[in-house]
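I opened my notebook to look at a ligand site and some helix packing. Here is what I looked up, in order.

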Amino acid sequence: MKTTHFERAIFLSWYCAKGDCKFCYMSTQKSLIRDPRKARRSTASILAEAFLCKKLGWKIEFLSGGYESYTTEELLNLIGKIRAIYGEKLWLNIGVLNEKELRLFKPYIQGVCGAVECINPKIHDKVCPSKPIKEIESMFRLCDKLGLKKSMTIIIGLGETINDFPLLKKFIRKHKINKITFYRLKPHKGTPFRKGPKTDYYLRWIRKTRKEFPKLEIVAGSWLTHLDEIHLLLDGGADAITKFPSIKLFNSKYAKKIEQEAKKAGRKFTGTLTKLPKINYNDLNKFDEPLKEQITAKLNIYISRMKI
Ligand code: SF4
């Protein structure tokens with residue numbers, strides 16, 4: 001039986017140095033955060049989240065945010081710790097990295113994600129004025145040189161049409177992309193967007209991508225308002241599901257719905273969004289006592305939330 005699973009993006013901070021992508025919640029927050037270092041999450045809370053991902057069978061989609069909230073050395077240290085607790089090499093989605101940074105992070109990562117967001121160049125330049133695609137492409141060329149994998153994110157509903165699909169096809173071919181994450185646009189208050197795409201249209205992008213690229217890893221985000229579409233996204237070619245507040249809504253009707261949708265698509269759902277397994281904390285012994293205590297305290301908070 002074919003399987004599917006849930007992937008969770010782990011945020012390292014709540015600050016973004018760009019902060020001007022028209023669709024993004026962060027763009028509505030930037031002016032409220034004067035000191036990016038204060039928007040950082042604690043190391044213990046990040047590590048507790050990575051530990052839960054491992055124990056509950058959630059794949060870490062990528063580590064996100066954090067760019068310009070940490071120094072390179074701080075990031076290196078943090079990524080090393082997350083790799084140690086998670087036990088697998090990670091994906092990074094923290095902006096465009098240069099060769100020196102990529103070489104530094106390489107022991108802990110399998111690849112990097114380019115946040116392309118919109119493949120139509122005119123719309124892209126309007127909605128993501130500070131994230132030129134050319135810079136992402138340069139980073140991908142460095143990945144080829146260094147033997148790192150490449151992934152990309154695309155948001156459907158920003159104004160592109162299905163006639164732009166050939167541009168996506170060309171981009172994936174050109175850069176030999178290993179993994180793509182599709183998101184449906186979720187309009188945020190304070191942004192100019194008012195509605196997300198219809199399921200049929202969203203699905204067409206996933207179906208077409210799967211048809212062109214049978215081996216590409218495809219992850220699809222949905223949202224609480226559209227969980228009925230998940231079996232269609234899986235049937236259409238998605239390998240995994242993302243964009244679900246899996247700690248906050250653990251074992252909720254929404255979490256149950258996702259597992260049911262996987263079943264409806266004839267997939268075995270690996271990992272769990274509904275049943276809390278007995279968790280052995282021994283793996284935390286690799287950290288020094290103060291950090292171990294802090295991670296355990298955070299874990300206890302998360303787990304008590306998940307039991308409600
Ligand atoms: S999409 Fe990414 S780069 Fe753009 S504002 Fe949001 S967090 Fe920053």
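**Entry 1: the ligand.** I started with the residues around the ligand, and they are Cys16, Lys18, Gly19, Cys21, Cys24, Met26, Ser27, Ala115 and Lys131. I kept in mind that this is a predicted model. Sorted by class, the shell around the ligand holds 5 nonpolar, 2 polar and 2 charged residues.

**Entry 2: helix 1 and helix 2.** Next I asked at what angle helix 1 and helix 2 cross. For helix 1 (residues 43-56) and helix 2 (residues 72-86), I noted axes that come within 9 Å and cross at roughly 30°. Angles under 35 degrees count as roughly parallel, so helix 1 and helix 2 are roughly parallel to each other. The crossing of helix 1 past helix 2 is right-handed. On the helix 1 side I listed Thr43, Ile46, Leu47, Ala50, Phe51, Cys53 and Lys54, and on the helix 2 side Leu78, Lys81, Ile82, Ile85 and Tyr86. My class tally for this contact reads 9 nonpolar, 1 polar and 2 charged residues.

**Entry 3: helix 1 and helix 10.** Then I turned to helix 10 (residues 289-307), which packs with helix 1 at an angle of about 65°, the axes being 8 Å apart. I logged this crossing of helix 1 and helix 10 as right-handed. From helix 1, I found Ala44, Ser45, Leu47, Ala48, Phe51 and Leu52 meeting Leu291, Gln294, Ile295, Lys298, Leu299 and Tyr302 of helix 10. By class, the contact of helix 1 with helix 10 comes to 9 nonpolar, 2 polar and 1 charged residues.

**Entry 4: a cross-check.** Leu47 and Phe51 of helix 1 are among the residues in the contact with helix 2, and Leu47 and Phe51 also meet helix 10.

Key
Residues numbered from 1 in each chain as written. Predicted model: local features only at pLDDT ≥ 70, side-chain atom pairs only at ≥ 80, totals over all residues. Axes fitted to C-alpha atoms, helices over the stretch in contact; angles between N-to-C directions. Helix = DSSP H or I, 4+ residues; strand = E, 2+ residues; numbered from the N terminus. Parallel < 35°, antiparallel > 145°, perpendicular 65-115°, else oblique. Left-handed = near helix turned anticlockwise from the far one by under 90°. Contact = placed C-beta atoms within 7 Å. Nonpolar A, V, L, I, M, F, W, Y, C, P; charged D, E, K, R; others polar. Near = placed C-beta within 6 Å.
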